[in-house]
Amino acid sequence: MPPWTATWSEGLTALERWILPGACLLCQDPVDPASDPLVCAVCRLRWRRLPEPQCFRCGQPIDLASDCRICREWPDGFRGVRSAVWLEATARRAVHLLKYEGWRRMAVSLADAMLALEPLRDRPILVPIPLSATRERARGYNQSAELAGGLLRRRGGRICSCLVRTRHTRTQTTLTPEERAANLAGAFATVGTVPSRVVLVDDVFTTGATLVEAAQALLRGGAVEVSAVTFGRAELPLAAVSRMV
């Protein structure tokens with residue numbers, strides 16, 4: 001990073017500290033200004049980790065005696081997804097602040113919660129899920145790229161921008177699993193050289209449709225093995241899980 005970039009970033013952070021009260025963005029309790037958190041330690045502890053055992057591929061907590069239907073038809077090269085916490089209460093609010101309210105530095109707290117995820121070992125090559133140009137212009141940044149940057153600073157490795165979004169897609173929020181898959185079909189492509197082993201980075205796992213489509217594009221582009229990490233994972237009703245066949 002050029003020195004002037006670091007100075008500019010530090011200046012913006014100092015201005016933010018001066019303007020804003022030293023309070024957690026989730027519960028409004030005081031935080032220590034010296035440590036510069038946006039989320040207090042108590043709220044981070046409220047983020048509920050996913051229990052074991054988990055499906056070895058998609059990371060869904062399951063009874064190992066049963067067949068996981070979420071990832072049964074995933075491509076062979078898509079090896080595994082791991083998520084840090086359930087997407088509920090304050091975790092959902094933290095993601096909303098990052099994606100929709102301009103709090104890009106919230107990615108630091110979310111990335112901290114993801115550090116222990118297995119795909120992030122051994123200095124991984126991180127590939128953020130790209131936004132469409134329209135959505136990134138409106139938002140001002142890509143939340144997945146911010147997460148990847150936070151992981152890079154703490155875990156090492158490197159970021160590879162070999163995945164691009166080929167078209168604008170509808171928001172996935174209200175779509176069924178089948179509609180999500182159709183909405184994303186052909187939405188990603190690769191540019192340049194694709195490393196043989198990469199780790200996709202995204203904010204939330206709901207049905208896995210985004211990650212699967214992105215992984216397929218990377219595998220077509222030359223990747224041999226694709227893994228993925230997300231901060232949050234939506235708890236799916238059994239009826240939704242049973243349709244993912």
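1. Basis. The model is predicted, and local features need pLDDT of at least 70, side-chain atom pairs count only at pLDDT 80 or more, and totals for chains, interfaces and linings use all residues. Residues are numbered from 1 along each chain as its sequence is written, and side-chain values use heavy atoms, with hydrogens and water left out.

2. Overall make-up. The protein has 9 helices and 7 strands; these are DSSP runs numbered from the N terminus, with helices being H or I of at least four residues and strands being E of at least two. Of its 245 residues, 49% count as buried. Buried means under 20% relative accessible area, exposed over 50%, and partly exposed in between, with a 1.4 Å probe and protein chains only.

3. Contact range. Among contacts (heavy atoms within 4.5 Å) in the protein with a separation of 6 or more, 71% join residues 24 or more positions apart.

4. Strand pairing. Two strands pair if DSSP finds at least two bridges between them. Strand β1 (residues 78–86) pairs with β7 (residues 225–233) in the parallel sense over 7 bridges, and Val-85 has Gly-232 in β7 as its bridge partner. β7 also pairs with β6, in the parallel sense, over 8 bridges; here Arg-197 is bridged to Glu-225 in β7. The chain goes from β6 through helix α8 (residues 209–220) to β7 in a right-handed β-α-β crossover. Right-handed means that, with the strands pointing away from the viewer, the path from the first strand over the helix to the second runs clockwise. On β6 there is also strand β2 (residues 125–128), parallel and joined by 3 bridges, with Val-127 partnered by Leu-200.

5. Cover of the strands. In β1, 8 of the 9 residues are buried, and the strand is mostly covered. β6 is largely enclosed by the rest of the structure because 8 of its 9 residues are buried.

6. A nonpolar core is a set of buried Ala, Val, Leu, Ile, Met, Phe, Trp, Tyr and Cys residues joined through side-chain atoms within 4.5 Å. The largest holds 36 residues, of which Trp-47, Met-106, Leu-110, Met-114 and Phe-231 touch the most other members. Two or more residues each come from β1, α3 (89–100), α4 (106–114), α6 (143–155), β6 (197–205) and β7. The largest share, 6 residues, is from α4. A second, separate core has 31 residues, including Ala-209 and Leu-211.

7. Helix α4. This helix is largely enclosed by the rest of the structure, since 7 of its 9 residues are buried. Those buried residues include Met-106, Leu-110 and Met-114, and the buried residues of α4 pack against α2 (41–46), β1, α3, α6, β6 and β7.

8. Phe-231. Leaving out residues up to four places away in sequence, Phe-231 touches, among others, Trp-47, Val-85, Leu-110, Met-114, Asp-202 and Asp-203.

9. Cysteines. There are 0 disulfides, a disulfide being a pair of cysteine sulfur atoms within 2.5 Å. Cys-27 has its closest cysteine sulfur in Cys-43 at 3.7 Å, too far for a bond. For Cys-58 the closest is in Cys-68 at 3.5 Å, also too far. Cys-27 is partly exposed at 24% relative accessibility, whereas Cys-58 is buried at 0%.
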